[in-house]
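I opened my notebook to get to know this structure. Here is what I looked up, step by step.

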Amino acid sequence: MSKSRIPKINLETYELPSDFSDSSIDESLAFGSSEDEEITKYKPIKQKKTKQKQLSNSSNSESESESEEESESEEEIKKNKNKNKKKKKVTSQKVVGINNFTEVSDSDSSESEGYENPRKQKKRHDNLLNIVGSVSQKGDKFLKDGKKKITKRGTVKTETSNEGEYSAPIRSTVSLNSLLDSIEGEQFGELKRNLKRDDEKQKGSKKKKNNNPINVPLSEPAQMRITRKVGYEQTKEAISKWQDIVQENRQKKTMVYPLEKPTSALPTTTKLVKEFSSRTEMEMEIDEILKNAKVEDEKQTTQEENLKLKKNKISVEEVWERRKELAKIRSLMFEEEKKARRRKRIKSKKFRKLLRKEKEKSALTLDEIAMIDPEEARSRIELAERKRAIERVTLRHKNTSKWTKRALKRGVKDKQTRDAILQQLKMGEQLLKKIKSVNSDDESSDYSKSDEDDDDNEGENKKKNGNEKDIGLWQKKLNSKDKKGLFSLKFMQNAINKNKDKNKDDYQEESEDGEEDSGEEGSKKKENEKEEEEEIMGRRTFGFNKKKPKAFQKKNKKKKKLLKSNLDEEEKENKKSDPKKKKLNNSDQPINIEMENSSLFEVEPFDKEDEQIEEWNIKNKKKEQNDDKDQKYVKGKGKGKGKKNEQKEKGKGKGKKNEKEENANENEMGKGKGKGKKGKKKNEKIDQKDKKTIKKNKTNKKNNKPNNKRKKRKQIDDSKNPWMRGSNQKEIKQNQKKKRRNSTNNEIKDMINPKQLLNVKKADESNLNLKNMDKTQKKVVQKAFPNTIFEEEFRKEKDEMINDKVEKILHEEMKGVIGLQGWGNWGGKGVKVNYKKQQRINKIKLQKKAKIRKTIFKNRKDSNLKDVILHEGRLKEKTKYKIGRVPHPFTSREQYESSIRVPLGREWNTETQFKELIKPEVIVQMGSAINPIQYALLRKEQLIKKKRKQQRQRNFLGSRNSKSKKNNSKKEDLGVKVD
Amino acid sequence: MDTEIKIISRRRKKYVRSTNRDINIVHRNPNPESHPFEQAREYKRALNSVKMDRIFAKPFLTAMTGHIDGIYCLERHPKYLSRVVSASADGEIRVWDLMRRKTVANVQAHNQFIRGITISKPNGNFFFSCSDDQTIKQWRFSDLRSNVNSEYQKKKKPVSTFISEETLRGIDHHWSRHTFVTSGDTVQVWDHKRSKPFQKLTFGTTETSSAIKFSPVQKNVFATAGSDRSVGLYDLKISTPIRKVILKNQTNAISWNPMEAFNFTVANEDQNCYTFDMRRLDRALCIHNGHLNAVMDVDYSPTGREFVTASYDHTIRIFNIRSISSRDVYHTRRMKRVFVAKYSGDSKFIISASDDMNIRLWKSEASKPLLPVDRKEKNAIKYRESLKKRYGYLPEIRRISKHRHLPRVLYFMKQQKKKSLQARARKYRNMKMNNPSSVKQTKMRKRFIVKQLK
């Protein structure tokens with residue numbers, strides 16, 4: 001029974017992995033590892049993986065041996081057991097331990113057994129025993145109490161010695177009992193006890209059945225559970241070593257990644273070669289080529305190269321020939337070099353000129369270049385254009401340079417400098433004039449003719465002019481096709497278009513004038529026009545001003561028509577307006593217009609102040625002088641509008657509508673053309689503008705002679721003047737009305753421009769100034785009589801606040817008294833009001849009010865503070881700066897607030913502080929892969945730190961000691977005793 | 001009359017240092033009276049910087065095309081920042097160069113769905129792919145070249161092929177040894193040099209695990225996500241599974257924190273991510289919510305401070321490891337369901353792969369400049385950053401910094417989700433009020449855990 005049970009136990013306690021099948025394990029290993037077993041079995045966690053394996057192996061093998069034992073005959077086991085019983089406990093316990101050695105002795109003894117006589121045998125046997133004894137003493141390291149065992153071992157040996165090599169199976173010496181006895185451990189106590197009990201039972205009463213079976217072993221899943229549990233605990237423990245590190249890193253203010261510092265030691269070449277693997281595409285390609293060529297070793301390649309060199313044998317003659325050749329070439333080169341050097345040194349201007357000319361002759365023209373390489377041509381054109389632009393901007397060749405200035409200051413005495421200056425000027429002119437060459441070829445050719453006398457520049461000029469022509473041509477070509485480079489830029493295109501337009505206009509003008517005017521007048525007019533044109537051209541053409549002159553020129557028929565229609569509309573509208581208007585028109589027309597304008601931006605009108613108006617009138621006169629300049633210039637365009645004519649108009653204009661006059665003006669313009677002479681005269685007087693304009697202005701004022709252009713100008717100017725507005729109240733009102741009507745008028749729309757807006761703003765500012773003045777006055781009053789106005793206001797405010805609250809509460813409370821509205825009373829017409837009730841209610845109301853007021857006063861914190869209003873409620877404006885609760889990492893409000901208190905910026909901190917304060921939490925070095933944290937690395941760092949610290953301490957101590965020694969010696973020298 | 005003329009004059013000496021080594025002269029008036037309202041001013045600056053952040057937030061860098069099927073696997077190289085390997089559902093593997101933004105090499109590796117890719121860890125010379133065809137193939141990077149040469153096309157063969165007896169759902173390589181693990185019916189442990197797995201680990205239950213991930217710090221530990229909604233932990237040192245937690249929904253991906261050994265985050269089907277401490281699995285350290293559909297992937301930044309998640313809702317989100325809501329959300333009109341999102345090795349970029357066959361490259365910080373910046377600008381950025389941090393709790397700043405535009409559909413989904421969550425909370429509250437015994441009080445962080453199997 002026991003026999004069948006024993007193996008079972010083994011099988012269950014030492015679980016065999018299902019997938020495991022290893023037969024090549026010898027017994028000795030299985031037995032010898034009994035100690036290991038103990039450990040592995042009871043503390044399997046502490047074993048490493050390899051040991052675990054061993055465990056499984058050993059357990060496996062043991063179970064195997066056990067099963068073998070099972071197959072052994074029953075008798076044998078019994079015998080063994082009996083024998084064991086007879087022996088003392090000590091011996092039986094330690095049998096297993098020396099088992100190996102008995103085996104050895106067995107084999108030794110058995111060898112001699114069959115061949116030698118018994119005496120000799122015995123002698124030898126004794127010797128052997130001695131040897132074995134000594135060996136077993138050594139082997140006692142496995143056992144704890146050695147000496148006793150040696151003595152007892154003799155008995156064991158005698159027993160085994162009788163058995164021969166073949167007669168005594170080794171296993172017979174090892175019984176299960178003895179095996180179990182050898183095991184020391186509390187865990188197996190029960191098992192042992194059970195076994196003993198079994199034995200006793202077997203010995204004493206075999207018939208009795210075993211009532212106490214061994215505990216049922218755990219099921220596989222349960223076992224797994226245990227291992228898992230233990231495993232988890234273990235890994236938990238292992239992983240917890242990171243706890244401190246993690247905590248530390250979390251609390252660090254800044255972390256710099258990657259954690260490992262770059263190694264300072266450079267890798268060796270061999271290491272580099274070893275680690276090298278082709279990564280980039282090029283490397284791979286090279287690798288591939290090398291592989292294809294089957295060239296892998298450096299040695300091999302050198303050998304091959306050597307071989308090749310050996311093959312290429314050259315004869316001596318050949319070498320000589322080659323040498324000669326080389327020498328010839330060298331000498332030629334030397335000669336050439338010499339020549340070049342000499343030529344370089346020549347200072348003659350003439351020579352240089354000749355050289356240059358030669359070069360130019362040989363150089364290709366633009367056309368040719370274009371034929372060959374259009375891109376190149378384009379770039380050249382661009383270059384030339386750029387040069388011109390630069391010249392235009394910098395005016396480098398005008399007498400602006402330091403050198404010329406100085407030269408001019410000193411007085412140009414020698415011819416050379418004068419020539420140089422002249423030449424420079426010429427260059428500048430050339431460069432500037434080149435613009436014309438783009439559009440008109442004639443001029444450039446003229447220019448070249450005039451320049452012919454100059455010998456030095458002649459060729460150049462020709463060439464350049466030629467180039468210019470080319471450029472003009474090419475520009476056209478390029479413009480027609482695709483626009484690239486500088487011409488593709490928007491402003492360049494605009495300029496070109498403008499030029500075109502201008503040319504067109506000019507052409508039209510000429511043609512028209514040619515029809516209308518005759519002879520000298522026409523030609524002179526042309527000149528004037530040109531002047532005007534130049535005025536219009538330039539910077540003023542940008543923005544809103546650009547179109548105005550054209551509009552007033554009225555040479556474009558279309559525009560003329562448009563304008564006419566506009567004017568007609570205006571007229572119609574004005575006709576509809578009140579008859580009062582006529583009167584209005586008698587008054588100051590400019591002011592009238594101005595008012596119109598001011599109302600457009602809706603600036604508040606001021607009170608009439610005569611003085612101011614007068615002042616303004618003076619100012620206005622001055623301004624109008626300026627205005628009239630423009631006026632004149634407009635008139636200039638109005639061609640031949642004579643003075644007399646003008647005056648006539650003025651006369652007519654009296655008492656008439658503005659617009660009509662305008663119309664008349666327009667009509668007269670046509671007439672004026674006929675009277676060109678006078679107009680011409682007038683135009684000639686442009687230079688003496690100022691005086692006349694003043695006069696004219698006066699007449700203008702009286703005669704109320706508006707002009708389209710002038711009107712606008714005035715609007716602009718007058719809007720600057722804030723005082724203007726107060727000049728005529730009635731007019732303001734009327735004009736506002738008028739404005740409403742005319743709001744859709746195109747002309748007014750036209751008038752809006754940024755300048756005006758700006759001016760209005762200015763007016764606003766002045767407006768504010770006035771108010772500010774009041775404020776300052778207020779302040780003065782305040783200073784003079786403190787605590788009068790403001791105290792009252794403050795009190796009022798506070799009172800209102802309280803009253804509001806009272807009203808609110810009262811309203812709520814009165815609901816209970818009155819009940820729902822519309823209930824408890826009769827409604828409708830003719831119902832008598834219950835005055836008594838009303839009175840009662842009022843009484844209650846008053847009472848309640850007083851009560852509430854009292855309570856509020858009581859509750860308010862500022863009720864006792866006279867000059868304070870405390871807001872106890874939520875202020876909406878301040879919610880922006882309030883946090884609902886203390887944010888996460890902070891524990892209290894104070895903590896959070898203190899964290900905010902110190903500002904971070906440069907204004908409040910020193911540079912170093914600032915840098916420290918703005919340090920980011922995480923710094924990642926550029927372009928480096930961040931590896932996961934490594935324990936070994938950290939340990940290393942820690943150790944290094946520790947070492948350093950120690951060393952520092954040592955150094956410190958050392959230095960101190962030496963110092964103290966020195967001090968001592970010093971003191972001794974001084975004769976002071978030191979304890 | 002005497003007139004006083006005031007002239008603005010600057011002496012060069014006063015503001016230009018004489019030598020290069022001279023200290024920079026800082027023109028600062030230290031008088032505090034000349035710098036009043038410091039808090040108000042800094043608040044305003046913080047506000048402006050937050051606004052600027054929003055203005056300059058342009059995280060999307062590029063989309064890389066090449067695959068002709070949805071991309072389900074993506075792995076970055078441990079050493080080289082610009083190298084990335086991706087695998088699509090049709091069995092094609094592509095190696096990408098992020099710098100040049102193009103494919104460096106490609107192979108038709110398998111005939112079936114590729115379930116996982118992993119790169120051999122210490123050196124990264126090889127990568128492994130496992131597929132539905134029950135094979136694992138080992139590839140050498142240098143064998144795959146894009147310059148198409150007939151010889152090399154032939155050479156595009158795996159270094160070795162491992163045949164598994166079980167289905168394969170995921171693969172991950174050990175961080176220092178020549179071993180890798182595959183997930184499937186059981187967890188198999190393989191060696192480079194052995195054709196058969198030298199270990200098989202199970203909990204004894206019949207679940208298939210999908211995601212599998214080694215811990216980069218405690219290298220013998222790895223985690224799997226099982227089909228029984230579980231997250232399992234294994235230890236290779238003692239070669240046993242050690243613990244399992246069953247959640248309410250299935251887990252799609254796992255990522256370990258590379259700087260905090262015991263923490264890992266799990267991407268769940270229930271639109272949330274959960275960060276666990278390996279030592280206490282009965283509750284989550286943090287619940288990260290924000291996605292509006294299943295979270296498909298999660299990957300830690302190598303700094304261990306943030307992680308990125310990819311979701312079925314067509315977006316990527318970036319979370320701080322300790323915050324509930326996401327720091328940022330990325331989406332483009334053409335990006336469909338995102339299956340993988342990975343941080344780059346230097347934590348500056350995010351690589352995502354989605355159903356629309358594209359790999360996308362994002363900046364991990366949307367408004368940070370990519371090019372090297374001037375010292376002054378750097379300081380200004382740092383200053384702004386610290387101001388933002390300081391005043392970040394104030395409502396206006398928080399609102400602006402948190403404000404993100406979502407696609408219309410997602411926006412409405414979000415509203416809906418909010419409503420439903422509110423309704424649930426209300427119901428819970430009511431139940432608690434009316435019948436307290438019927439309500440089990442559990443903390444939020446424990447609510448999603450069904451049980452822990454020991």
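**Entry: the interface**
I started with a reminder to myself that this is a predicted model. Next I looked up who touches whom: 71 residues of chain B are in contact with 70 residues of chain A. Between them, chain B and chain A bury about 6,600 Å², and 56% of that area lies on carbon and sulfur atoms.

**Entry: charges and polar pairs**
How many salt bridges does the rule find across the interface of chain B and chain A? I noted six. I looked up a salt bridge between A:Glu921 and B:Lys389, where the closest N and O atoms are 3.1 Å apart.

**Entry: chain B's side**
Which elements give two or more residues to the side of chain B that touches chain A? My list reads α2 (38–56), α3 (150–155), β17 (240–247), β21 (280–288), α4 (375–391) and α5 (395–402), all of chain B. The largest share comes from α4(B), with eight residues. I also sorted the residues on this side of chain B: 29 are nonpolar, 16 polar and 26 charged.

**Entry: a sheet in chain B**
I then followed β21(B) into an open sheet of four strands, ordered β18-β19-β20-β21, with antiparallel pairing. Its edge strands are β18 (251–256) and β21 of chain B, each pairing on one side only. From one strand to the next, the twist averages 30°.

Last, I checked β20 (residues 273–277) of chain B, which five bridges join to the antiparallel β21(B). There I found B:Thr275 opposite B:Cys286 in β21(B).

Notes:
Residues numbered from 1 in each chain as written. Chains lettered and ligands numbered in written order. Predicted model: local features only at pLDDT ≥ 70, side-chain atom pairs only at ≥ 80, totals over all residues. Heavy atoms only, no water. Contact = heavy atoms within 4.5 Å. Buried area = accessible area lost by both parts, 1.4 Å probe. Salt bridge = Lys/Arg side-chain N within 4 Å of Asp/Glu carboxyl O. Nonpolar A, V, L, I, M, F, W, Y, C, P; charged D, E, K, R; others polar. Pairing = 2+ DSSP bridges. Axes fitted to C-alpha atoms, helices over the stretch in contact; angles between N-to-C directions.
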